[in-house]
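I opened the model to look up a few things and kept notes as I went. The entries follow in the order I made them.

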Amino acid sequence: MSCCCLLSGLGAISALMIVIKLLAFIKVNYLTSCNMKKRYGKAGDWAVVTGASEGIGHAMSLDLARRGFNVCVIARTQSKLDAVVEELKAIGVEGKSISFDFSTATPGDYTKLFQQLDAIQIAVLVNNVGVNYDYTNYFDEVDLETDLKILKVNTEATVRMTKYVVPKMKEKRAGAILMLGSFSARTPTAMLATYAGTKAFNLSFGEGLHYELKQFGIDVLAVSPNMVVSRMTQGKSTRKPRESFLMVNAERMAHQTLDKLGSVPSTAGHRNHVVIECLTSLIPVDFRSNKILQMHKSVKRRAEKKRDM
């Protein structure tokens with residue numbers, strides 16, 4: 001009898017935990033919003049977005065503008081940045097562009113960049129800049145320079161930009177910082193190991209800083225998106241990827257992500273990706289990792305066949 005009572009009790013506790021997690025999911029992903037100007041306005045009226053010329057960075061820039069922030073966009077190609085600034089002005093805010101190549105930047109280059117940023121009061125930093133392989137490939141077949149470039153752009157830029165803004169935000173006791181990771185950092189990702197490793201760094205870095213900096217009024221959010229319609233997911237193809245449950249719209253992803261600031265330390269961003277991340281975690285790691293390996297082998301074969309045509 002006591003054994004039956006114990007099992008019933010455990011069942012009730014398990015059911016309660018499921019209900020609590022479901023309610024938390026609904027609250028964070030459907031009912032949560034963030035008045036960013038009210039929450040972070042004390043730090044300044046500018047947002048800075050790296051890798052802002054396209055994809056998630058571009059979408060983040062426009063969403064921040066709609067929330068009332070002036071936006072400084074940073075990327076390599078000036079002509080693309082000029083187009084983003086015009087979009088920002090059309091929304092009704094100020095836009096500032098800085099052409100900067102994170103893949104070759106020296107300490108001196110960063111000093112000059114920060115001197116330009118000293119002219120504005122930064123309330124929000126979006127660490128979005130990132131690069132990936134042209135296509136999935138075996139680690140030993142990728143040249144060392146490519147791996148080192150991925151490390152430099154995806155991690156060094158994030159650390160340097162964050163190191164620049166944190167003291168200023170601590171002084172104002174307000175601010176928000178986003179670290180863009182990737183779903184590939186949440187599960188073993190063969191044939192993209194270096195890229196996934198840099199994204200795992202960004203997630204761990206962001207989650208640690210979330211708890212370190214919230215006592216100073218600074219919200220840090222680590223983001224692990226899955227497939228988003230952007231140039232990175234498009235690769236060298238001239239065809240724009242079709243939106244689906246997995247391949248989500250960048251604008252909606254950006255808006256839903258920013259609304260979660262201050263509520264959680266990490267998120268997949270778009271609610272579709274939150275669902276996918278939760279369901280994927282239930283699949284045995286060996287099974288899902290080997291499926292990813294087989295998929296990436298297929299991607300490699302198709303890419304190299306097209307390259308050699």
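I started at phenylalanine 102, which is buried because its relative accessible area is 3%. Buried here means under 20% relative accessible area, exposed over 50% and partly exposed in between, with a 1.4 Å probe and protein chains only. I noted that this is a predicted model, in which local features need pLDDT of at least 70 and side-chain atom pairs count only at pLDDT 80 or more, while totals for chains, interfaces and linings use all residues. Residues are numbered from 1 along each chain as its sequence is written, and side-chain values use heavy atoms, with hydrogens and water left out.

Phenylalanine 100 is also buried, since its relative accessible area is 10%. I then searched the whole structure for aromatic pairs and found 6. Phenylalanine 100 and phenylalanine 102 form one that is edge-to-face, at 4.9 Å centre to centre with 70° between the planes. Rings of Phe, Tyr and Trp (its six-membered ring) pair if their centres lie within 6.5 Å; planes under 30 degrees apart count as stacked, over 60 as edge-to-face and the rest as tilted.

Phenylalanine 114 and tyrosine 164 are stacked, at 4.4 Å centre to centre with 5° between the planes. This pair links distant parts of the chain: phenylalanine 114 is in helix 5 (residues 107-117) and tyrosine 164 in helix 6, 50 residues apart. Helices (H or I, at least four residues) and strands (E, at least two) are DSSP runs, numbered from the N terminus. I found both phenylalanine 114 and tyrosine 164 buried. Ring pairs link Phe100, Phe102, Tyr110, Phe114 and Tyr164 into a cluster.

I stayed in helix 6 (residues 144-172), where threonine 158 lies. Is threonine 158 buried or exposed? It counts as buried because its relative accessibility is 2%. Its side chain reaches the backbone oxygen of asparagine 154 at 3.4 Å. A polar contact is a pair of N or O atoms within 3.5 Å; within protein, one must be able to donate a hydrogen and the other to accept it, and residues adjacent in sequence count only if both atoms are side-chain atoms. Leaving aside neighbours within four places in sequence, I listed Asn127, Met179, Asn202 and Phe205 as in contact with threonine 158 (heavy atoms within 4.5 Å).

I traced an open sheet of 7 strands in the order 3-2-1-4-5-6-7, with parallel pairing. Two strands pair if DSSP finds at least two bridges between them. Strand 3 (95-99) and strand 7 (266-267) are the edge strands, each pairing on one side only. Strand 4 (residues 122-127) is joined to strand 5 (residues 175-180) by 4 bridges, and valine 124 has alanine 176 as its bridge partner in strand 5.

How many residues of strand 6 are buried? I counted 6 of its 6 (residues 218-223). Ile218, Val220 and Ala222 cover one side, and Asp219, Leu221 and Val223 the other. Strand 6 pairs with strand 5 in the parallel sense over 6 bridges, where isoleucine 177 is partnered by valine 220. On to strand 7, I found 2 bridges from strand 6, again parallel; alanine 222 has serine 266 as its bridge partner there.
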